[in-house]
Amino acid sequence: MKKKKQNSLISLFFREVSLIGKDHSLLLTLLIAPLLYAFFYGSIYINKEEFEVKLGVVDDDHSRLSRLLQQNIDNSPIVQLIHFSNLKDAEEQMYQGNCQGYFYIPEGTETNLLSLKQSNVVLAVNASRFLPSSDLLMSVQQICLTIGAGVRLQYFQKSEGMSTAAAMDNVMPVNLDYRPLFNERSSYGAFLLPGLLALILQQTLLIGLSESVAGERQNLRLREWMNAGVSNGIWGKGLFYLLLFSSYAFFFLNVNYKILDLPQRANGLELGILLILFIATLVPMAQFIGSLFKSQLVCLQMMAFSTYPIFLITGYSWPHESLPLLLQWLANLLPTTPFIAIYTRMVQSGAGLWENASALFHLIFLWIFYSFICFVRIKRLLINLNK
């Protein structure tokens with residue numbers, strides 16, 4: 001009896017291989033899309049940080065301070081200064097995309113600062129590109145704050161006769177000790193890519209497997225698929241996807257992570273267990289979703305539009321606790337939510353698998369839940385066919 005069940009699982013595995021080979025849509029979704037999307041989206045953030053971003057500068061102050069500001073900004077590896085004689089030309093060049101912003105130093109900046117009056121400089125950035133504008137803002141702001149603090153320090157020392165320590169206390173009554181722990185360069189790409197690779201893995205599996213199940217209904221092959229029993233049918237078909245996407249996960253962690261220079265601090269065995277559990281949860285979930293459709297094309301269209309909503313509500317791009325209560329409940333039904341919570345801590349900070357036990361048990365519960373409802377759903381479809 002055991003031998004018969006094993007043979008049925010193996011025959012269903014090779015049956016799925018044969019079906020995919022004949023279906024060009026599944027072939028593209030399962031064998032090309034995961035690698036294509038992983039390298040395509042990953043290449044956008046391959047450098048993760050911007051260098052020599054063009055920034056226009058207009059100096060109406062012509063003072064020692066304004067020259068010092070420009071010198072320090074230009075020395076930053078992130079910024080490449082372009083000098084303009086007036087503000088109108090700088091604005092026009094930014095609108096045309098020849099520079100990513102402009103830095104304006106108005107007349108009287110040094111005089112106001114030395115007399116401890118409010119002194120403003122203007123940094124305008126083109127926010128249509130997130131990374132350059134973000135890096136420019138952070139770099140220029142840090143330089144301005146540092147030079148402003150230095151000028152105030154000299155004022156207190158010379159005009160007020162304070163010692164260096166006393167002057168420093170007046171300039172910086174609170175010292176900020178800023179040390180990024182797990183994203184040392186504060187890079188947006190290093191934050192985004194680990195979750196994005198996991199999402200690519202999930203969505204290509206969900207789309208491909210649900211499309212395959214919808215195809216079984218569309219082509220009236222449900223009895224043929226379930227000939228060896230419902231459980232064997234579910235896991236015989238799912239075995240191919242479990243092995244294929246476990247291989248993709250291994251490839252991403254060993255190839256994409258190295259190419260994209262992403263931190264991977266997790267224990268290999270524990271991370272492997274987590275990924276297999278995650279994929280095993282997606283298998284019955286995808287088959288349940290696919291069983292709701294009679295058309296392979298409609299299933300593909302619906303699942304293709306689910307990617308961004310899933311990404312937005314799983315707690316990666318937006319804190320889970322800040323979502324409306326209804327969306328929190330919906331997010332808790334997605335395996336991505338507990339998986340991302342464990343996975344990012346493991347790869348980025350080196351946490352252990354059991355250090356977030358609640359999320360791990362949440363994922364195990366979802367595996368049991370989707371296995372059960374998938375079994376019930378397909379069993380009901382078979383009963384309806386036999387009536």
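Visitor: Which residue stands opposite Gly101 in strand 4?

Guide: Welcome! Gly101 faces Val125 there. Do keep in mind that this is a predicted model. The pairing of strand 3 (residues 101-105) with strand 4 (residues 122-125) is antiparallel and covers 4 bridges.

Visitor: What about strand 1 and strand 3: parallel or antiparallel?

Guide: Strand 1 (residues 53-59) and strand 3 run parallel, joined by 4 bridges. You can find Val58 opposite Tyr104 of strand 3.

Visitor: Which residues of strand 3 point which way?

Guide: Gly101, Phe103 and Ile105 point one way, while Tyr102 and Tyr104 point the other way. Both sets are buried, and the strand is mostly covered, with 5 of its 5 residues buried.

Visitor: How do I read a helix such as helix 15?

Guide: Start with the span. Helix 15 (residues 336-349) has 14 residues, which at 1.5 Å a residue should span 20 Å; its end C-alpha atoms lie 19 Å apart, which agrees. Next, look at burial: 11 of the 14 residues are buried, so helix 15 is largely enclosed by the rest of the structure. Among the buried ones are Phe339, Ile340 and Tyr343. The buried residues pack against several helices, including helix 8 (188-218) and helix 16 (357-386). After helix 15 comes Gly350, with a positive phi near 75°.

Visitor: And where is Leu28, and is the residue buried or exposed?

Guide: Here is a general idea to begin with. An α-helix has 3.6 residues a turn, so residues three or four places apart point the same way. Leu28 sits in helix 2 (residues 24-44) and is exposed, with a relative accessible area of 51%. Together with Leu31, Ile32 and Leu36, Leu28 forms a nonpolar surface patch of about 370 Å² accessible area.

Conventions: Residues are numbered from 1 along each chain as its sequence is written. This is a predicted model: local features need pLDDT of at least 70, side-chain atom pairs count only at pLDDT 80 or more; totals for chains, interfaces and linings use all residues. Side-chain values use heavy atoms; hydrogens and water are left out. Patches are made of residues with over 30% relative accessible area and no salt bridge: like charges are joined within 9 Å, nonpolar side chains (Val, Leu, Ile, Met, Phe, Trp, Tyr) within 5 Å. Accessible areas come from the Shrake-Rupley method with a 1.4 Å probe; for residues, only the protein chains shown count as cover. A salt bridge is a side-chain nitrogen of Lys or Arg within 4 Å of a carboxyl oxygen of Asp or Glu. Helices (H or I, at least four residues) and strands (E, at least two) are DSSP runs, numbered from the N terminus. Buried means under 20% relative accessible area, exposed over 50%, partly exposed in between (1.4 Å probe, protein chains only). The expected span of a helix is 1.5 Å times one less than its number of residues. Contact means heavy atoms within 4.5 Å. Two strands pair if DSSP finds at least two bridges between them.
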